[in-house]
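I set out to record what I looked up in this structure, one entry per topic. The sequence and the coordinates come first.

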Amino acid sequence: MSARKIVIDPVTRVEGHGKVTIRLNEAGEVEQARFHIVEFRGFERFIQGRMFWEVPVIVQRLCGICPVSHHLCAAKAMDLVAGVDRVTPTADKMRRLMHYGQVLQSNALNFFHLASPDLLLGFGAPIAQRNIFGVIEAFPEVGKWAIFIRKFGQMVIEATSGRRIHPRLCVPGGVNQNLSVERRDALRGDIGQIIKWCVDALELHKSYIHDNEVLYEGFASFPSSYMSLVGADGGMELYDGALEAIAADGKTIFQGVHPASYRDYIIEEVRSWSYMKFPHIRSLGREEGWYRVGPLAQLNCCTFIGTPIAEAARRDFVALGHGGPVHATLAYHWARLICMIHCAETIQDLLFDDDLQGNDLVIAGERRPEGIAIIEAPRGTLLHHYTVDGNGQVTGANLIVSTTNNNEAMNRSVTKVAVDYLTGHEITEALLNHVEVAIRAYDPCLSCATHALGDMPLIVTLEDAEGAVITTRVKQ
Amino acid sequence: MIRTQPTKVLVLGYGNPGRQDDGLGPAAAGAIDRMGWSNLTAVDNYQLNIEDALEVAAHDVVWFVDASKVGDAPFSVTDVSPSRTVEFTSHLLRPAALLAIAQQYCDRAPPAFQLAIRGYEFEFVEALTQGGRENLRAALGMLTESIRRVRARSPLRAAP
C-alpha cells in the first residue's frame, strides 16, 4: 500500500485559506498532520514606509477579527518610538477598558458561536443541528448571552473610541479622548448582568465537563509548554506585563522577560510548506521549544487573578491539572470563560474609576528608532516590533500574531485527532467534525479579513503518494 | 388610534478597506450614510456578527452589501431568505444565517437583499481599484434609487 495524503481544504472568506493535510505511512497509520494557513503574508510590507503615528490605525486593516488588539499593540510599540515609557493614568485606563471589552466580546464569539454547538449538542450531533441555531433552539438562554455579551463588548469599544469599528482611540503617547459620563453610566447599567451571564455560561460549561470527563481531558490533548504575559506580581495580565514561559511540568522556562528582549528568548522559523512562521523558545530548540498561547496559557502561567469571581473560578480550574499545568485542549474553553469573567469584572472596576474622566491624555518624549510591544489578545500573545527612521517612517516591522504562536500546537492537536479517529481510508463526517472541534479550541484567526463573495467551500481530497487524487469531498 | 411609522431601511456594508476591493461594502455604506436620509441606517464592519441580528430585526428592509470575487459586473442583486447554514471552522456569518438568527431570536426577519459589487484585486492596499470604483458608482445608483422607491411607495407602516 502506498503512502497517502488526506487534504481538508477550507477556503473561507474572512480568514483566508487553510487546509488540513493528514499523511499516512505505508501501513495506513497516521504519520503526521499539518494545519496549513496560507494567507499570512504581506503584513510587514503593508506597514513599511508609513508614518509611525499612522500605524495604530493602519494595522487594524490586518485582521477583521481582532482589529482592536492590533490597534492597541501598535500603539504601545509607538509609545516607545515617541519616547514615552508610561502613558498617563487616563490613557492607560482608557486603553485597558477598550482591550477588556475586545477580549470579552471576541472570546464570547468563539465560545457561544463556534464552540458551544459542539459542547452543548455533542460532537456527533447532525451538522444541521450542531450550530448556533441548534443552540438557540435547545438553550434559548445561551443564545441571549451570546448576542448581548457580544453587543456589550462592542458598546465598550464604541464608548472608548467614539466609533463602533475602525477605532482611533490611541495615538503614540496616549489617547484621543476620555470616557464621557453618559457612556460610562450606560455601561454601568449593564455590567452587572454581563458578569452574571458569564458566570452562568461557566456553570453550564462545567456541567458539560462533569458529564464528559474522559473526553474532556483526552480529546486532542498532549503535554506542552505555555507562554503568556504575566503581571509583576504573578497575576493574570492581559494588557501589559512581562513574558513568562513554563514547561509541561510547570517549571519556569523564563519569566520577567521585557518585550524588548523577546529575540533573546523566542526565535521564528520558516518552513517551506507554510506561509506561517514557527516561533519557538530559543533555549529549547526547534523540536522541543514550541509552546501554546491563549486562554489556556494565560491561566497556566499566572498564579492568581486579581478579580474575585474569576480567581475563585481559577482555583477550581487548576484542580484539573493535578498539581501541574492543565493540558486538556478542550480546557481552552473553560479558560476562555474564566477570562471573560475577569474581563467583565475588570470593566466593572474601571467604570467606577474617575481617572477615565481625566483630561491628561497625551504626553511626548524624545523620539527613538525602535518600539516593541506585547499584549495578550483574545487568542493569545501578540507582538508588534517596529523600526522607524529619522523622518518618522517605518523601515521595518515584525509581527508575531497569536495564531502563529499556536501553529505547532494546532498541528499536534490535529495529529492527535487523526490518530484517535481516522479508521480505514475514508474521510468520515465524524473525522471532519473532530478536526473542526480541535482547531476551534484554539480559535485561530486564519488571516486578515479578506472576504468577498465567491470563495470556495470546504474541499476534502484524498491523494496517493504521487499526489493523484483518490477522492474528493466538498463540504458547503 | 393606529400610530404609523416610516419604513426603516438598513444598509450593512462589510469587508476590509485595507484589502483593495474588499472595501467595496464599507465604501457603499459610507456613501449611503453621507446621504443623511431619515429612517435610513448605514453601517459598515469587517464582517457580519451575531449581534447584528438585533439591528436587522429593528428594520423593515435590509441590504447586505459585499464585494464579489466572481460574477457579474458591475453588480448583482439577490433576495436573501433566512437559512441555517454555517461555515467550516470560521468566524464567518453569512447574511442568510444572520437573518435566521434574527428570525429565531427576535421573531422577525425583514425582507433582505444581497448586493454583490464585483471587485478585482484583494491585496494589502488601502484603495479601491479603478474597476471597483466604477462598479461601486453603478451599484450606488441602483441602491439609492431602490431605497428612494421604497420610501416613496411605502412611507408609513403600521406601528406594532
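Which residue in β3(B) is the bridge partner of B:L10? I looked this up in the model, which is a predicted one. The partner of B:L10 in the bridge is B:T41.

Entry 1, the sheet of chain B. I noted that β2(B) and β3(B) pair over six bridges, in the parallel sense. I then traced the open sheet to which they belong: it has five strands in the order β3-β2-β4-β6-β5 of chain B, with mixed pairing. At its edges I found β3 and β5 (75-80) of chain B; each has a single partner strand, so one side of each lacks a neighbour in the sheet. From one strand to the next, I recorded an average twist of 20°. I also recorded that α4(B) packs on this sheet and touches β2, β3, β4, β5 and β6 of chain B. The direction of α4(B) makes about 160° with that of β6(B).

I listed its buried residues as B:L24, B:G25, B:P26, B:A27, B:A28, B:A29 and B:I32. The buried residues of α1(B) pack against β2 (9-14), β3 (40-45), β4 (61-68), β6 (112-118) and α4 (130-153) of chain B. After the helix comes B:G36, for which I noted a positive phi, near 70°.

Entry 3, a sheet of chain A. I found an open sheet of four strands, ordered β8-β7-β6-β11 in chain A, with mixed pairing. Its edge strands are β8 (252-257) and β11 (291-292) of chain A, each of which pairs on one side only. I checked β7(A), residues 242-246, against β8(A): the two pair in the antiparallel sense over three bridges. Opposite A:A245 I found A:F254 in β8(A).

How far apart are the axes of α7(A) and α13(A)? I recorded 9 Å between the axes of α7(A) (residues 181-211) and α13(A) (residues 331-351), and a packing angle of about 160°. The two helices are therefore roughly antiparallel to each other. I noted the crossing of α7(A) past α13(A) as left-handed. On the α7(A) side, the residues that meet α13(A) include A:L187, A:I191, A:I194 and A:C198. Among their counterparts in α13(A) I listed A:W334, A:L337, A:I341 and A:A344.

Conventions:
Residues numbered from 1 in each chain as written. Chains lettered and ligands numbered in written order. Predicted model: local features only at pLDDT ≥ 70, side-chain atom pairs only at ≥ 80, totals over all residues. Buried ≥ 20, exposed ≤ 12 C-beta atoms within 10 Å, placed from the backbone. Contact = placed C-beta atoms within 7 Å. Pairing = 2+ DSSP bridges. Axes fitted to C-alpha atoms, helices over the stretch in contact; angles between N-to-C directions. Parallel < 35°, antiparallel > 145°, perpendicular 65-115°, else oblique. Left-handed = near helix turned anticlockwise from the far one by under 90°.
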